[in-house]
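Please look over the sequence and the model below, then turn to the grouped points.

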Amino acid sequence: MSNYIVLVKQVPDVSQITDNAFDPETGTLVRTRLASVINELDAQALAFANKMKQDSGDMDGKIIALSMGPPMAQEVLRYSLSRCADIVILLTDRALGGADTWATANPLAYAIRKIVNEIFKNDVNNYYVITGMQSVDGDTAQVPAQIAEELNLPCIAYVTDAKFNKNRFAFTRIISGGSQTVAAKKLPAVITVAKYEYPLFATFRRTRWANKTEVFQWSSKDINATHIGVVGSKTSVIRVFPPGKTTRKCQQINNTESLAKLLVESFKSGNGQALPGREAQTPRYVLPSKRASLFDRSFEGTKKEQEDYEILANKLKELGITEVSQIDEAAKEKILEASVDRFHTKALEDMINGFKLTKPAFKGEVWVVAEHSEGVVHPATFELIGKAHELADSLETKVGVAIAGYNVEPMAKELIAAGADSIYVIEDKLLKEFDPTAHRKAIADAISTYWPQIVLYAATPQGRMLAPMVSYRVGCGLTADCTGLDIRDNSRNGYIAILLQTRPALGGNVMATIRTKNSKSQMATARPGVMKRIPPDPSRTGKVIKHKVELSEDDVSLEIIKTELGTGQVNFGADVIVSGGKGMQSRDNYERLISMLCDALSKKLDTQVERGASRAAVEQGFIERVHQVGQTGTSIGPKLYLALGISGAIQHMIGVANTETIIAINSDPNAPIFKQCDYYIVGTVEDIVPQLVKALE
Ligand SMILES: Cc1cc2nc3c(=O)[nH]c(=O)nc-3n(C[C@H](O)[C@H](O)[C@H](O)COP(=O)(O)OP(=O)(O)OC[C@H]3O[C@@H](n4cnc5c(N)ncnc54)[C@H](O)[C@@H]3O)c2cc1C
């Protein structure tokens, strides 16, 4: 008999953002001004657990919903009771507040242990932990993998289906370039749900029962977790700020003649955008010991700190002070008098102590964990090496790449040409296929042997799975999906040359800059398509270091049943790409309308035009997987991208960030893609495409 522990979270409703939800002064979204709802993917996880229970035919299995949050999070537990949960538990305590993913996963894992010991006591090894792939407020996808690491369980992430056969479940999950069916070699296991489109509805009877049923409340003392709240966290937020305005034009066009004209003009003039989503260029960091003046602190992490230090440096100059040792009590008095509104005694002392620091807070190389498949390095790895090169230059250290697999050494040459100095190769037959637990053991072992100061992973499904497990295993903080990585100082708090990690949060409605704390290394996953690859230099030299890790069959947690990857030829280097989404409605429509438009564009622009598709269109069988564009498909950068019947999900848009001009056709006037494109037309593809073809002719 299997039991199911479903993790549910209460989150702000980011789909209903009103203007008054923004702070008028800072422009940032105030979370408390939004309504609270159950995280949609957790609601799907609940329905998924219910489906598993039904499919297994074992109706004695219990579904336990567990949530961590303030007392009002009871609402999501009542929601769970009214759908399918048998027992609900709320982990609630002020001491748990302000936690990052490390200090969220840790208490949740301890609560799971308590559930297992006290409720499943007769069958402690036969359960699944099921949860949404990520929550809309954090968007990190780190917590489930870190729970799996704490509990030493296999984790199957990005699951879209489960089939019960021969007394066990086989799960279909999203992977880069396709999908895969896997089974856990043994239970318990953690499952994260990426999509399950069969919601559960509450009946009147069940709702009445849910309202009368007890929500068990546990405090931090009940679970004895080791890392909780702000103190137990390994990252801290330095600042929150509004996302910059898109550089796309977002212009609505009302007729196909005008659209055809604009399309041709954009193609001819290269009327493109400055690569939206790309990291903003900031001045390259210089170590304090290499700056012209000891008092130059222009690389502080926040504008306020930079300004404070500038004021202080100017004052010291006025006083003729050139050494920290010359700052005596009289000088301090004068400085305080002159800058009453700016800082007081304690702040001044901290800043002066900051001047005494010149050595970086972390030591070691800057590492990238390479992702690869079938002997081919993932393009995102090359982008990260480009970034690592820049960071390592500033820090006056080297770039290392850790690569785990079987027969992977031949890839070292290409990694060195891309900017790496040392390649740490971990070869083992057991690492032939990507297995989260085996790979995390291999990579974590290499990290804790060499201790690089920074470790970067690609924010692909694989990287977003591996990084949280590794970071938890080696006791380091991790920031997900970064779009900006910079070296900066926080001199006042005693940190020199630390990695500032900037990422979108709350569904892209705010940006946050984060730093690592209580860790030996700083870790981040970075969005593909954001960092820049440097041109390969085949004359570069580097060393290959073979790192041996003891692995056994027990380290492999998943049985891979089937892998489906895109095959065939596609020319994504074409200048124009026309993609169809689920809105194409049928394979016939896709075939007819996309072909028609591709032919017309090819003739009019005298160029090659290739077909693309969203993941949903591929899943509907409209076209082969090799045509998929996006995070788990291919990232492209054509002159013109036409998105037909595509909603504009982040996983799709990441793949087209480098496109010069994006044109969208969608029947929904509120389609999210309209805020991320240059020109759009509201209408059905069936109406618009033939008209556009005519206008082009
Ligand atoms: C880990 C992970 C990785 C992923 N990787 C990718 C990826 O690489 N690439 C990718 O594309 N997605 C990816 N996805 C899926 C992604 O989240 C979205 O589900 C997907 O992009 C949606 O595809 P869509 O826009 O075609 O479908 P939908 O979101 O269903 O949108 C269809 C759109 O068509 C419009 N429409 C409907 N009828 C018509 C009509 N007659 N005429 C015009 N418009 C119409 C609708 O208004 C709607 O906007 C990934 C998801 C996960 C969890």
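The buried residues of helix H16 are Asn 589, Tyr 590, Leu 593, Ile 594, Ser 595, Leu 597, Cys 598, Ala 600, Leu 601 and Leu 605, where buried means under 20% relative accessible area, exposed over 50% and partly exposed in between, with a 1.4 Å probe and protein chains only. This is a predicted model, in which local features need pLDDT of at least 70 and side-chain atom pairs count only at pLDDT 80 or more, while totals for chains, interfaces and linings use all residues. Residues are numbered from 1 along each chain as its sequence is written, and side-chain values use heavy atoms, with hydrogens and water left out.

**Helix H16**

- Helices (H or I, at least four residues) and strands (E, at least two) are DSSP runs, numbered from the N terminus.
- At 1.5 Å a residue, the 19 residues of H16 (587–605) should span 27 Å, and the 26 Å between its end C-alpha atoms agrees with this; the expected span is 1.5 Å times one less than the number of residues.
- The buried residues of H16 pack against helices H8 (256–269) and H19 (685–696) and against strands S27 (576–580), S28 (609–613) and S29 (640–644).

**The ligand and its surroundings**

- Lys 582, Ser 614, Thr 632, Ser 647 and Asn 666 come nearest among the 30 residues around the ligand, a residue being near if one of its heavy atoms lies within 4 Å.
- An oxygen atom of the ligand lies 2.7 Å from a backbone N or O atom of Lys 582, and a polar side-chain atom of Ser 614 lies 2.6 Å from an oxygen atom of the ligand.
- A nitrogen atom of the ligand lies 2.8 Å from a backbone N or O atom of Val 629.
- Of the 980 Å² of accessible area that the ligand has on its own, the protein covers 83%; such areas come from the Shrake-Rupley method with a 1.4 Å probe.
- Helix H17 (615–619), helix H18 (650–653) and H19 are the elements that give two or more residues to the shell around the ligand.

**Lys 332 in helix H10**

- Lys 332 lies in helix H10 (residues 329–338) and is buried, with a relative accessible area of 12%.
- Apart from neighbours within four places in sequence, Lys 332 is in contact with Ile 327, Leu 348, Glu 349 and Ile 352, contact meaning heavy atoms within 4.5 Å.

Key: A polar contact is a pair of N or O atoms within 3.5 Å; within protein, one must be able to donate a hydrogen and the other to accept it, and residues adjacent in sequence count only if both atoms are side-chain atoms.
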